Amino acid sequence: MDTLRRLMVFSGLGLALTPLHAQAPWPVPGRPIRLVVPAPAGGPGDVVARMLARELGESLGTPLLVDNKPGGASIPGAMDVARSAPDGHTLLLTLNTTHTQVPHLYARVPFDPFADFTPISPVYRGHSILVAHPSFPAASLPEAIARSRSQSVAFGSPSPGTTGHLYIEMLNADHGARFVHVPYKGSSPALQDLLAGHLSLLFDSPATSLPHVRAGRLKALASTGPTRLAAVPDVPTAGEQGIGGLDRGTWMGVFGPARLPQSVVARLNEAIARTLKSSQLRAQFAAMGVELEPATPEAFANLIRADYESWGQLIRRIGLKLD
């Protein structure tokens, strides 16, 4: 009798424990997803994040709340996500800088770009546009380089170690420029200083610069990338002007913390791909000079690894360290 009673008790426990081992629904009903963006409000990263959050939230049936954590070479924002629970309710939307450049630029980076994150999907690939204050007396990139050799030219970047900063260092190292690098805590304050005439030049996203170019508040001297930007076909590439090395481009992608369940990764990846196929969203991004380009998590991981190696080689060649 005791044996039968014990079997009944254990059987009951097994039934009671079964729901605990069943996979919890995701997203958890009534709980929003926090999308950490290591960029200030108003910058190109923030613009993309808010457009994506709105559309993706509708697709997933739960709100995505953009959480801006600018500064610190994107490290604070990345660490926020790396330390979060792998439950799919904290995600990172960041530029390639975080995973492919920062680890080579700082001696002590508190995260591993591969072990501490789960790649989910890229969102876009893009290129920068070189914009100048209208008072700057140069009409092309070669003219700007020549002027930097005879006078101090303040060249802004969103932050130390970003692609814009590396472009400046490449121009100084490979093309004999003598630009004075002026770092900011994000693209938005750098762009505001350029508009105010406190800077001469800035590599910026077309998403935020093109409206000012079209309004005559800035002038475009060059675009990066192998071909001209469709949004500004009259602006020649740096390569067309005889200045090589600026065609690496940038990308922005979504990550989760390490050990994110594969079921969550798969659903997020599918939802991002479906969202980025929206003709309305594609038209909005195209107007900003941005090409939407989702991919599988595996393809995204391969892209990260390849760019990590490529940027690492360049950073070692020019001998740049930020600490």
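1. Overview. The protein chain has 11 helices and 11 strands. Helices (H or I, at least four residues) and strands (E, at least two) are DSSP runs, numbered from the N terminus. This is a predicted model, where local features need pLDDT of at least 70, side-chain atom pairs count only at pLDDT 80 or more, and totals for chains, interfaces and linings use all residues. Residues are numbered from 1 along each chain as its sequence is written, and side-chain values use heavy atoms, with hydrogens and water left out.

2. Overall dimensions and burial. The C-alpha trace spans about 100 × 40 × 30 Å along its principal axes. Of the 323 residues in the protein chain, 51% are buried. Buried means under 20% relative accessible area, exposed over 50%, and partly exposed in between (1.4 Å probe, protein chains only).

3. Contacts along the chain. Contact means heavy atoms within 4.5 Å. Take the contacts between residues at least 6 apart in sequence: 79% of them join residues at least 24 apart.

4. Strand S5. This strand covers residues 129-132. Ile129 and Val131 point one way, while Leu130 and Ala132 point the other way. All are buried. In a regular strand the side chains alternate between the two faces of the sheet.

5. Partners of S5. Two strands pair if DSSP finds at least two bridges between them. S5 is joined by four bridges to strand S8 (residues 201-204), and the two run antiparallel. Here alanine 132 has leucine 201 as its bridge partner. Four bridges also join S5 to strand S9 (residues 219-223), again antiparallel. On that side, leucine 130 is partnered by alanine 222.

6. Nonpolar cores. A nonpolar core is a set of buried Ala, Val, Leu, Ile, Met, Phe, Trp, Tyr and Cys residues joined through side-chain atoms within 4.5 Å. The largest has 45 residues. Leu130, Leu141, Phe155, Leu171, Phe179, Leu201 and Leu246 have the most contacts inside it. Helix H11 (residues 297-318) gives the largest share of this core, seven residues. Apart from it lies another core of 34 residues, among them Trp26, Ala39, Val254 and Ala271.

7. Leucine 141. Which residues does leucine 141 touch, not counting those up to four places away in sequence? They are Leu130, Leu171, Leu221, Ala222, Ala238, Gln241, Ile243 and Leu246.

8. The cavity. On a 1 Å grid over the protein atoms alone, a cavity is a set of points where a 1.4 Å probe fits but cannot get out, and a pocket is an open set with protein on both sides within 12 Å along at least five of seven lines; lining residues have an atom within 4 Å of a point. Grid points are joined across faces, edges and corners, and a volume is the space filled by probe spheres set on the points. The structure holds one cavity of 30 Å³ or more. The largest cavity has a volume of about 550 Å³. Its lining has 35 residues, and Pro44, Leu95, Pro158, Thr162 and Ser187 lie nearest its centre. The largest share of this lining, three residues, comes from S3. By class, the lining of the largest cavity holds 15 nonpolar, 19 polar and one charged. Ala, Val, Leu, Ile, Met, Phe, Trp, Tyr, Cys and Pro count as nonpolar, Asp, Glu, Lys and Arg as charged, and the others, Gly among them, as polar.

9. The largest pocket. It holds about 270 Å³ of space. Of its 15 lining residues, Leu229, Ala230, Gly289, Val290 and Glu291 lie nearest its centre. Strand S4 (117-126), helix H10 (279-287) and strand S11 (290-292) are the elements that give two or more residues to the lining. S11 gives the largest share, three residues. The lining of the largest pocket has seven nonpolar, four polar and four charged residues.

10. Backbone points to check. The peptide bond from tryptophan 26 to proline 27 is cis, with omega near -5°. Proline 27 lies in the loop between helix H1 (2-21) and strand S1 (33-37). Alanine 73 is not a glycine, yet has a positive phi of about 55°. Arginine 259 also has a positive phi, near 65°.

11. Buried or exposed: which is alanine 73? Alanine 73 is buried, because its relative accessible area is 9%. Arginine 259 is exposed, because its relative accessible area is 70%. Alanine 73 sits in the loop between strand S2 (64-68) and helix H3 (75-82). Arginine 259 sits in the loop between S10 and helix H9 (262-276).
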